[in-house]
Amino acid sequence: MADASHASYLPSILTFCAGAVVAVPLFRRFGLSAVLGYLAAGIVIGPSLLAVIQHPGTIRGTAEIGVVLLLFLVGLELQPARLYSMRKDILGAGLAQMALSAAAIAFVAWRLGLSPGGAVAVGLALALSATSIALQLLEERGDGAEPYGRRSFSILLFQDISIAPILAILPLLATTGAASDDGAMRALAGLGVALLAIAALVLAGRYALNPFFRLLVKSGGKEVMTAAALLVVLGAALLMEMVGLSMAMGAFLAGVLLADSHFRHELEADIEPFRGVLLGLFFMAVGMSIDLKLVLDNALLLAIAAPLLVLFKIAVAAAILRASCSSLTEAVRAGALLSPAGEFAFVLLPMAASLGLLDAHQGALATALAALSMLIGPILAKLIDAWLLARAAPPETMEEDFDGVTPSVLVIGFGRFGQVVTQALLLQHIDVTIIDSDVERIRSAAKFGFKIYYGDGTRLDVLRAAGAGKARIVCICIDDREAALRIVAMAKAEFPTARLHARAFDRVHAIDLMRAEVDYQMRETFESALGFSRVTLEGLGLNYEEASLVIEHVRDRDAQRMEIQFSEGIAAGLQKVPRVSPEPLVKPTAKPKALTEETREVIEDGGAEVAVGGVGEPAE
């Protein structure tokens, strides 16, 4: 009989799953964020209402791993080249929005009676914006590439970068609150140890992680890569926690160190499922920790403070973006996107309370205020967006900043075929992402300046992480015919806007790809064989035009045969070969001659005629 202690976990797990399954689709149905659905589910199943879960603090430690994984994925996105191209908006608008909002909110909190350290913590927490809500709204509108969408993302990116310093500042605020010299010395010692730990992590990431992952890839176990990804993230998080910093900061640093790694997309795909589940659990834990009695007791204060917070953040962001030459409509739309308090408010506020910067009552009120802003913000953003679009002129374009996005291409497979394809794209400065599953090939290509990511192209999560959903063309250049067909099927179902260009192994594979409705397919040896034939004809005395005419006849005949075989089957193409005038492909004038015993048997069985079918009728 199973131990009862093991079975006791099942009711809690089922409760969390049921809450998420009911609440999240319901909130999405009304156009609200999934974050709000998790918060609402947590409130309902928590101590304040149904009390199905009596002690939400018991799951908070596990749930915080979701935040750790989220910071790791944020770090993976912060490639140096990308940061440099967005530097004006990130360091300009992002820094201004964060500094002004945090300073104003902290001043109001201090005037309301909070300690200086507590006021700073509240100001920093509430100045952040909800990345998940803003990106969801941009995705729904299809405005991610619009000027206001790009500038909003830049501000969100600065906020994500600022999370790590904020997580380091809060313990120092709590430590420096002590008046003794011993407290100051402990703070300096702790800072020194933290800097040493960060340096050790950077060195390990720079020199050890890529060789470590290459070694694992050679072992061939995909599940080992998932375990290794979790080991790196959680190991970095634990190291930072041991030196007095946040686990989330360690994960963030690990992500940044791997942002330029060949294994970036594979790691992102491995971590994403864990991140989604545990982050949802985290928000449910936050919802369970909200004291509804306290909210009702302070209903008037929160009813005034939440709308004022949202409107103030809209005003600050809109003013900053308007000053940086955005149109008024775009500035206000961006401000509305950035108005809800961020997900990390639910990390920073409990952390501030645990450090003694806030008492329990102040922490609970600030957390409730953040949750209410996340409820009000998206609703107000949709209303503002509808109103502005109804009355505004067509949006202004900013050609000097955004003069068009280069078409993007995802190339799957970097063998002989994929290398030639990629060279032409790179010569035109086209944005290309390349993934391949051969680690030695990736290392060799890096010596020639190619940037290739490790990943299994047959995995949907890897394709998503590599950007297939945003690519204009997906080039399938692998030499595994079955894997290519699986990729085509997934891409047709999941990325319908992307064109699919596929390498065909042979004639049968080409017909299978045509039936799978790829936009373009090419047999890997067909065009090279035609070019070889043309040069051979020239060597026999034909001039270039005559040889090219013959090759065009062959190509035309092949295309017609392919159409028949596509419609009626492979055998039909051999029986109904279309006539082309002049006819360049005739039956051999000489009888087949056997050169070996094996070929003699084939000829006697009639296999030669079937296999050849006339000169120029290859199986390819």
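H429 is exposed, with a relative accessible area of 69%. Exposed here means over 50%, so H429 qualifies because its 69% passes that mark. Look for H429 in the loop between α20 (416–427) and β2 (431–436). Its backbone deserves a glance too. Phi of H429 is near 60°. That is a positive value, and H429 is a residue other than glycine. This is a predicted model, and every value in this tour is computed from it.

Now move along the chain to E517. This residue also has a positive phi, of about 70°, although E517 is not a glycine. The loop that holds E517 runs between α24 (507–515) and β6 (520–523). Is E517 buried or exposed? It counts as exposed, because its relative accessibility is 53%.

Helix α2, residues 9–29, contains T15. Here the relative accessibility is 15%, so T15 counts as buried; the cut-off for that class is under 20%. What does T15 touch, once its neighbours within four places in sequence are left aside? The contacts of T15 are with I45, V52 and I53.

Helix α16 gives the largest share of the lining, with six residues. In the second largest pocket, 17 lining residues are nonpolar, two are polar and none is charged.

Finally, consider the confidence of the prediction. The protein chain averages a pLDDT of 77. A score of at least 70 is reached by 78% of the residues. Over residues 580–584, pLDDT stays under 50. The model has seven contacts beyond four places in sequence for residues 580–584.

Terms used:
Residues are numbered from 1 along each chain as its sequence is written. This is a predicted model: local features need pLDDT of at least 70, side-chain atom pairs count only at pLDDT 80 or more; totals for chains, interfaces and linings use all residues. Side-chain values use heavy atoms; hydrogens and water are left out. pLDDT is the predictor's confidence in each residue, from 0 to 100. Contact means heavy atoms within 4.5 Å. Helices (H or I, at least four residues) and strands (E, at least two) are DSSP runs, numbered from the N terminus. Ala, Val, Leu, Ile, Met, Phe, Trp, Tyr, Cys and Pro count as nonpolar, Asp, Glu, Lys and Arg as charged, and the others, Gly among them, as polar. Buried means under 20% relative accessible area, exposed over 50%, partly exposed in between (1.4 Å probe, protein chains only).
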